[in-house]
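Dear colleague,

Please find below the structure that I am handing over to you, together with its sequence. My findings follow directly after it, and I would ask you to read them with the structure open.

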Amino acid sequence: IDPDSVKQIIMVNFDESNHMISDLRGHDSDKNSEKDHRVAIAFQCLTVFINRIYSNQYPIIQGLVSFNNQIKVKCPLSPFVSDFEDKGLESIKPESVTRLWDSLVRSCDEIVKFRKDIKGNEIYKNAISRIIVISGGEDNYSRTRVENAVKLLIENKIIVDSIIYGSEDECKMLCAVCHATGGISMRPES
């Protein structure tokens with residue numbers, strides 16, 4: 001891949017906490033019926049997004065991080081789209097608490113490390129860096145304070161966009177992070 005042709009470097013942060021087992025309104029779903037869970041809807045959304053990128057042959061680099069009480073790099077940044085479904089998405093199992101802000105810092109670190117050569121020079125000079133968060137919008141146990149995460153993102157020119165499957169109250173802070181970094185936030189209600 002010609003570094004000058006890469007237009008975006010995208011790290012997807014996928015929430016796999018217990019919070020993603022409820023329905024869109026935050027009510028407990030039938031545990032035996034996964035079709036109404038936030039995680040099933042989020043999975044479908046991410047799959048459509050990746051398929052569109054692949055079919056339109058956008059010159060991007062993408063990676064996948066999942067988060068709950070642990071932050072896991074499921075797919076390191078790569079131009080190969082198939083890694084998402086093969087490596088990252090098939091092992092998503094919602095459990096535990098949400099460490100959203102810590103996941104943003106981890107993704108920021110991964111992007112910055114990927115963008116620079118060993119001398120610290122930018123490799124992808126024409127690329128916009130972004131993190132797309134697919135989440136219920138909550139953060140329960142991050143060690144990082146939200147304002148420190150935002151400062152780091154702005155310093156490194158990383159835009160945060162989000163698709164939030166949560167109530168209006170749950171999503172306010174993540175929505176604010178998106179706007180502070182120049183990104184957008186969507187909260188589908190159906």
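**Helix packing**

In this predicted model, helix α4 (residues 146-155) and helix α5 (residues 168-180) have axes that come within 10 Å and cross at roughly 25°. Because angles under 35 degrees count as roughly parallel, α4 is described as roughly parallel to α5. The crossing of these two helices, α4 and α5, is right-handed. On the α4 side, the contact is made by Val146, Val150, Leu153 and Ile154, and on the α5 side by Met173, Val177 and Ala180. Of the residues in this contact between α4 and α5, seven are nonpolar, none is polar and none is charged.

Helix α3 (residues 100-115) also packs with α4, at an angle of about 20° and with the axes 9 Å apart. The two helices α3 and α4 are therefore roughly parallel to each other. Here α3 passes α4 in a left-handed crossing. From α3, the residues Trp101, Leu104, Val105, Cys108 and Asp109 take part in the contact, and from α4 the residues Val146, Ala149, Leu152 and Leu153. The contact of α3 with α4 consists of eight nonpolar residues, no polar residue and one charged residue.

The remaining pairing to describe is that of α3 and α5. These helices pack at an angle of about 25°, and their axes are 12 Å apart. It follows that α3 and α5 are roughly parallel to each other, and their crossing is right-handed. In this contact, Leu100, Trp101 and Leu104 in α3 meet Met173, Leu174 and Val177 in α5. The contact of α3 with α5 divides into six nonpolar residues, with no polar and no charged ones.

**The sheet**

In which order do the six strands of the open sheet stand? The order is β3-β2-β1-β4-β5-β6, and the pairing is mixed. The edge strands are β3 and β6 (185-186), each of which pairs on one side only.

Strand β1 (residues 8-15) pairs with β2 in the parallel sense over eight bridges, and valine 12 stands opposite leucine 64 in β2. Helix α1 (residues 38-56) packs on the sheet, where it touches β1, β2, β4 (128-135) and β5 (158-164). The direction of α1 makes about 165° with that of β1.

Strand β2 (residues 60-67) pairs with strand β3 (residues 71-78) in the antiparallel sense over five bridges. Glutamine 62 stands opposite serine 78 in β3. Together, β2 and β3 form a hairpin with three residues between them.

**Confidence of the prediction**

The mean pLDDT of the protein is 87, and 88% of its residues reach 70 or more. Where in the protein is confidence lowest, and where is it highest? Confidence is lowest in helix α2 (residues 82-88), with a mean of 64, and highest in α4, at 98. Where pLDDT is low, the predicted coordinates should not be read in detail.

Yours sincerely

Terms used:
Residues are numbered from 1 along each chain as its sequence is written. This is a predicted model: local features need pLDDT of at least 70, side-chain atom pairs count only at pLDDT 80 or more; totals for chains, interfaces and linings use all residues. Side-chain values use heavy atoms; hydrogens and water are left out. Axes are lines fitted to C-alpha atoms, for helices over the stretch in contact, and angles run from 0 to 180 degrees between N-to-C directions. Helices (H or I, at least four residues) and strands (E, at least two) are DSSP runs, numbered from the N terminus. Angles under 35 degrees count as roughly parallel, over 145 as roughly antiparallel, 65 to 115 as roughly perpendicular and the rest as oblique. A crossing is left-handed if the near helix is turned anticlockwise from the far one by less than a right angle, and right-handed if clockwise. Contact means heavy atoms within 4.5 Å. Ala, Val, Leu, Ile, Met, Phe, Trp, Tyr, Cys and Pro count as nonpolar, Asp, Glu, Lys and Arg as charged, and the others, Gly among them, as polar. Two strands pair if DSSP finds at least two bridges between them. pLDDT is the predictor's confidence in each residue, from 0 to 100.
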